[in-house]
Amino acid sequence: MSDYAPSTKFADQAVGKAALYDEAAADHEGFWAARAREYVTWSKDFDTTLDWSDAPFAKWFVGGELNVAYNCVDRHVEAGNGDRVAIHFVSANDDDDRAITYAEMQREVAKAANGLASLGVEKGDRVAIYMQMIPETIFTMLACARIGAPHSLVFAGFSADALRARIDDADAKIVVTSDGQFRKGKAMPLKKAVDDAVAGTSAKKVLVVKRTGIDVAWNDDRDVWWDDVVTPASDTHEAVAHDSEHPLFLLYTSGTTGKPKGILHTTGGYLVQCAYSNAVVHDLHPETDVYWCTADIGWVTGHSYIVYGPMANGATQIVFEGTPDSPHKGVFWEIVQKYGVSILYTAPTAIRTFMKWGHDIPEGYDLSSLRVLGSVGEPINPEAWRWYREHIGGGDTPIVDTWWQTETGAIMNSPLPGVTELEPGSSQAPIPGIHAEVLDDDGNKLTDPDAVGYLVLTKPWPAMLRGVWRDPQRYKDTYWSRFGPDLYFAGDGAKYDEKGNIWILGRVDDVMNVSGHRMSTAEIESALVSHDKVAEAAVVGATDPTTGQAIEAFVILRQDAADAADSADEGGELVTELRNHVATQIGPIAKPRSIMIVSELPKTRSGKIMRRLLKDVAENREVGDVTTLADSSVMSLIQDGMKSSG
Ligand code: WTA
């Protein structure tokens with residue numbers, strides 16, 4: 001037996017059993033109907049499991065009604081678990097650590113719901129949330145779910161411009177934010193970006209949590225303190241049931257064009273799949289486990305595996321406001337030791353960073369409480385997988401490498417820790433109830449283990465996106481047209497190995513994955529081109545040992561700027577200016593690692609930029625086939641420039 005088969009001890013206690021695969025294979029809809037009734041409390045039972053008659057527009061658990069906040073909070077209190085800790089809030093500012101039980105959570109969510117209602121938020125209104133990893137972010141999300149007002153979280157590292165675009169697209173009625181956030185021990189402004197973003201938008205109210213106490217500008221007609229509106233509000237609130245297909249949230253994600261897409265998720269199917277997958281993939285035993293997903297709530301992983309899945313299951317979890325290196329590089333392991341974390345779900349980029357820092361750091365802590373490790377966001381290279389297993393997992397802890405997307409809403413491909421014999425580096429196979437295949441260009445399933453194709457989901461699943469906000473055509477074109485109207489094209493390249501495991505090979509579109517964050521080349525290019533010195537820009541994702549990919553930009557200056565740069569030799573300053581410009585347009589995470597000023601870009605005769613060649617340059621490779629270039633000398637010009645600029 002391989003070292004990677006589950007131990008009998010683990011398998012015996014595992015939530016996910018092999019029988020689930022058989023059950024799902026026998027009856028797709030019947031399987032999900034059973035999970036829906038197992039994991040979720042319905043105020044009104046559904047009558048049809050799946051309506052796919054208007055594919056690709058799906059309806060799951062039709063006729064059913066439920067309240068997500070009731071499922072995530074109240075029902076645990078009613079079941080006698082009100083004293084169980086829902087979240088251990090852990091902050092890099094130690095004094096702020098606190099434990100919040102499910103009973104307290106119920107009161108906090110009720111207050112937030114009453115507070116939002118008093119500001120005019122009603123069922124169907126969109127609420128933008130621009131806030132960091134603090135308990136109030138969770139209270140607000142669940143309060144929105146309670147009211148039936150879809151939330152739209154905007155990662156607190158995005159710029160004012162990015163925030164405004166998202167408020168506008170969703171027509172958000174209100175923005176919830178905080179005065180500031182702690183970054184590596186320092187209070188940094190946050191509300192300021194909201195002040196810059198909301199003017200002239202649909203958002204007429206800004207609800208502000210006091211987190212750091214730093215000075216903020218105040219607009220009396222618009223701004224209200226959480227402490228004045230939510231804190232004194234009643235701590236009871238009636239949860240009314242919403243239709244299974246009522247919108248739960250929007251989450252914007254980068255696509256192949258410059259404009260981010262508002263991915264729409266709805267109520268019933270999303271909650272069912274989040275709760276089920278969290279139970280069987282993370283092997284969650286809510287009575288005994290301490291679970292920690294290190295993602296930021298502003299990304300989908302935080303939505304599904306901090307808020308909705310684990311809370312529907314009544315988990316006790318860590319919510320950490322901090323970074324892996326602050327206040328010191330052992331902080332993750334200190335938290336694991338202090339709270340007895342048993343399930344850890346993190347990203348390959350973090351694992352590779354820990355590897356770089358050295359195993360003697362985790363070795364200084366007692367990590368024996370860990371019994372399941374997870375990975376998400378990008379492919380995990382086998383070397384990092386083995387390091388994770390050895391140095392964090394004590395050599396025998398199962399690792400679940402979970403492939404999924406903002407659009408899929410919940411985990412799709414992953415081993416089941418009590419069932420699957422693991423394969424380092426591969427997310428292996430769809431979990432029970434999910435159907436994924438690797439197809440070739442013509443839509444045939446790959447048979448040759450050396451061939452490379454595309455990952456396609458062949459049956460609808462409960463947590464699937466229900467559309468792109470206000471853009472049904474884009475929904476169809478992006479996901480449901482490459483292989484046919486009911487085959488979902490994920491945008492990832494993939495292959496099978498000899499054992500039939502699926503290996504994800506990365507995006508096949510113009511989307512980069514930097515530290516597990518999706519960035520679109522087009523979005524960064526348009527940010528660069530919006531600078532008045534830039535005529536044209538091309539962006540590629542180059543392989544990076546720590547962040548997976550790094551953003552490399554090639555920029556052509558406008559003539560006057562180019563002349564000035566030449567004469568004053570101010571190329572270095574200009575590059576800094578352009579990097580900062582991208583940070584203002586999108587956010588610091590979108591800053592290119594390097595920007596190269598070039599005089600030409602490689603283009604085909606039809607004018608399409610050949611990013612493949614720029615990628616060769618950025619990754620220091622021999623440049624590939626240049627015969628389709630309109631002007632084949634361009635590449636040698638760029639490479640010469642690269643050498644001279646070091
Ligand atoms: C990539 C994050 C390989 C993939 C949940 C996908 C992965 C994109 C994995 C979605 C994994 C995510 N192995 N690649 N385990 N998990 N990806 O929307 O390219 O931020 O399409 O969702 O991340 O990123 P998103």
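Me: How many positive and negative side chains does the protein chain have, and how far apart do the centres of the two sets lie?

Reply: In such a count, Lys and Arg are positive and Asp and Glu negative, while His and the chain ends are not counted. Each charge is placed at NZ of Lys, CZ of Arg, CG of Asp or CD of Glu. Here the protein chain carries 60 positive and 93 negative side chains, and the centres of the two sets are 2 Å apart. This is a predicted model, in which local features need pLDDT of at least 70 and side-chain atom pairs count only at pLDDT 80 or more, whereas totals for chains, interfaces and linings use all residues. Residues are numbered from 1 along each chain as its sequence is written, and side-chain values use heavy atoms, with hydrogens and water left out.

Me: What does the secondary structure of the protein chain come to, and why can the chain be called as compact as a globular protein of its length?

Reply: Helices (H or I, at least four residues) and strands (E, at least two) are DSSP runs numbered from the N terminus. The protein chain has 21 helices and 30 strands. Its radius of gyration is 24 Å, close to the 26 Å that the globule rule gives for 646 residues, so the chain is as compact as a globular protein of that length. That radius is taken over C-alpha atoms, and the rule is 2.2 Å times the number of residues to the power 0.38. Along the principal axes, the C-alpha trace spans about 75 × 65 × 55 Å.

Me: Which domains does UniProt list, and at which residues?

Reply: UniProt positions follow the numbering used here, feature names are shortened, and annotations may be inferred rather than shown by experiment. An unreviewed UniProt entry places "domain: Acetyl-coenzyme A synthetase N-terminal" at residues 19-72; that span is 46% helix and 28% strand, with its end C-alpha atoms 27 Å apart. For residues 79-466, the unreviewed entry lists "domain: AMP-dependent synthetase/ligase". Residues 79-466 are 30% helix and 22% strand, and their end C-alpha atoms lie 32 Å apart.

Me: Is His531 buried or exposed, and with which residues is His531 in contact, leaving aside its neighbours within four places in sequence?

Reply: Buried means under 20% relative accessible area, exposed over 50%, and partly exposed in between (1.4 Å probe, protein chains only). Of the 646 residues, 60% count as buried. His531, in the loop between helix H17 (521-529) and strand E28 (534-544), counts as buried because its relative accessibility is 7%. Contact means heavy atoms within 4.5 Å. Apart from neighbours within four places in sequence, His531 contacts Glu577, Leu578 and His581.
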